[in-house]
Amino acid sequence: MQLGIMNDPRLDACAEARWAAAHGFEFLDLTIEGPCAALEQIDVTELQTILTDAGMGVVGHTAWYLPFASPLARLRQAAVECVADTFDLFARLGACTVNVHIPAGRQMVHLFRRDNNVRWVAECFAQLAERAAPYNLQIMAEHPPDPGIGISDIASILAIDKRLGLHLDVGHANVGGDKLEGLLDRFGSRLVHVHLSDNRGKSDDHMPLGAGRVDWPRAIRLLKQHGYDGTITLEVFSQDRDYLLLSAQKVRAWWRDAA
Ligand SMILES: [Zn+2]
């Protein structure tokens with residue numbers, strides 16, 4: 001298991017990489033999005049030097065608000081292009097995976113049937129899986145913090161291309177009722193990356209681990225029982241980063257103690 005953090009897109013990505021390296025994280029979950037970490041704002045050479053010197057890896061992350069479910073084909077295609085534009089940078093930094101976000105129900109236009117919305121998302125992700133392949137990048141779909149997007153929707157999306165992986169977010173799985181075990185039972189074999197943050201079950205609050213209602217020893221045990229031993233990003237967005245560092249200590253201890 002390797003632990004990483006995501007850069008805050010309101011800050012300089014190189015400064016964030018230096019902070020992660022100084023605090024012992026093993027990879028950067030590099031989100032490419034504004035206001036301060038858009039593609040043209042990242043100093044790739046500098047970032048590469050920081051990561052190489054620290055022996056850190058990179059996991060690719062893209063903006064959560066891209067309109068993959070828009071009824072307008074041109075907007076969906078623009079979303080695909082925004083992600084495809086990141087492939088060269090991610091490949092240069094040594095990433096193997098790039099995430100895309102399944103839109104939440106509120107991002108879908110309900111004049112159209114639900115299965116149309118889901119199919120549009122799936123078609124975008126299939127196109128990205130194809131275009132990522134020459135860069136040796138795997139596209140992974142992150143499920144939203146929305147109980148309205150169920151296991152059958154995620155299954156429809158992953159079914160379109162067997163190269164797509166699941167990006168599990170334990171915080172998202174806790175919003176509106178615990179779905180963690182169901183997601184792992186159904187998609188555990190396609191799991192390629194994990195995000196962790198806590199919440200009280202009502203909204204995606206990105207709290208430090210233990211501050212909300214997720215049963216963390218159980219969650220970590222379930223991940224291990226499903227054979228997961230890959231990259232885990234702490235998505236703890238507290239202003240005081242001591243809480244992020246404490247969360248990292250706790251994950252390492254829970255991981256060590258889990259059967
Ligand atoms: Zn996440």
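This briefing describes selected features of the structure shown above. The model is a predicted one. It contains a zinc ion coordinated by E142, D169, H195 and E235.

**The zinc site**

- The donor atoms come from E142 (OE), D169 (OD), H195 (ND1) and E235 (OE), and they lie at 2.0 to 2.5 Å from the zinc ion.
- Along the sequence, the donor residues follow the spacing E-x26-D-x25-H-x39-E.
- E142 belongs to strand β5 (residues 138–142), whereas E235 sits in the loop between β8 (231–234) and α10 (242–257), so this pair ties together parts that are 93 residues apart in sequence.
- The arrangement around the zinc ion is irregular, because the 4 donor atoms subtend angles of 85 to 168°.
- E142 and E235 are both buried.

- H61 is located in strand β3 (residues 57–62).
- With a relative accessible area of 3%, H61 is buried, since the term applies under 20%.

**Packing of helices α8 and α9**

- Helix α8 (residues 180–187) packs against helix α9 (residues 216–225) at an angle of about 5°, and their axes are 11 Å apart.
- The two helices, α8 and α9, are therefore roughly parallel to each other, as angles under 35 degrees are counted in this way.
- On the α8 side the contact is made by L180, E181 and L184, and on the α9 side by R218, A219, L222 and L223.
- The residues of this contact comprise 5 nonpolar and 2 charged ones, with no polar residue.

**Loop residues and backbone features**

- A cis peptide bond, with omega near 10°, leads from G34 to P35; P35 lies in the loop between β2 (27–32) and α2 (44–54).
- N136, in the loop between α5 (114–132) and β5, has a positive phi near 55° although N136 is not a glycine.
- N136 counts as exposed at 65% relative accessibility.
- H206 likewise is a residue other than glycine with a positive phi, near 55°, and its place is in the loop between β7 (191–196) and α9.
- H206 counts as buried at 12% relative accessibility.
- G177 is found in the loop between α7 (170–174) and α8, and G177 is partly exposed, with a relative accessible area of 33%.
- The C-alpha atom of G177 is separated by 9.7 Å from that of D146, a residue 31 residues apart from G177 along the chain.

Methods. Residues are numbered from 1 along each chain as its sequence is written. This is a predicted model: local features need pLDDT of at least 70, side-chain atom pairs count only at pLDDT 80 or more; totals for chains, interfaces and linings use all residues. Side-chain values use heavy atoms; hydrogens and water are left out. Donors are N, O and S atoms within 2.8 Å of the metal (3.2 Å for Na, K and Ca); water is not among the atoms, so sites may look incomplete. Four donors count as tetrahedral if all angles lie between 85 and 135 degrees; four count as square planar and six as octahedral if opposite donors are over 155 degrees apart and all others between 65 and 115; anything else is irregular. Helices (H or I, at least four residues) and strands (E, at least two) are DSSP runs, numbered from the N terminus. Buried means under 20% relative accessible area, exposed over 50%, partly exposed in between (1.4 Å probe, protein chains only). Axes are lines fitted to C-alpha atoms, for helices over the stretch in contact, and angles run from 0 to 180 degrees between N-to-C directions. Angles under 35 degrees count as roughly parallel, over 145 as roughly antiparallel, 65 to 115 as roughly perpendicular and the rest as oblique. Contact means heavy atoms within 4.5 Å. Ala, Val, Leu, Ile, Met, Phe, Trp, Tyr, Cys and Pro count as nonpolar, Asp, Glu, Lys and Arg as charged, and the others, Gly among them, as polar.
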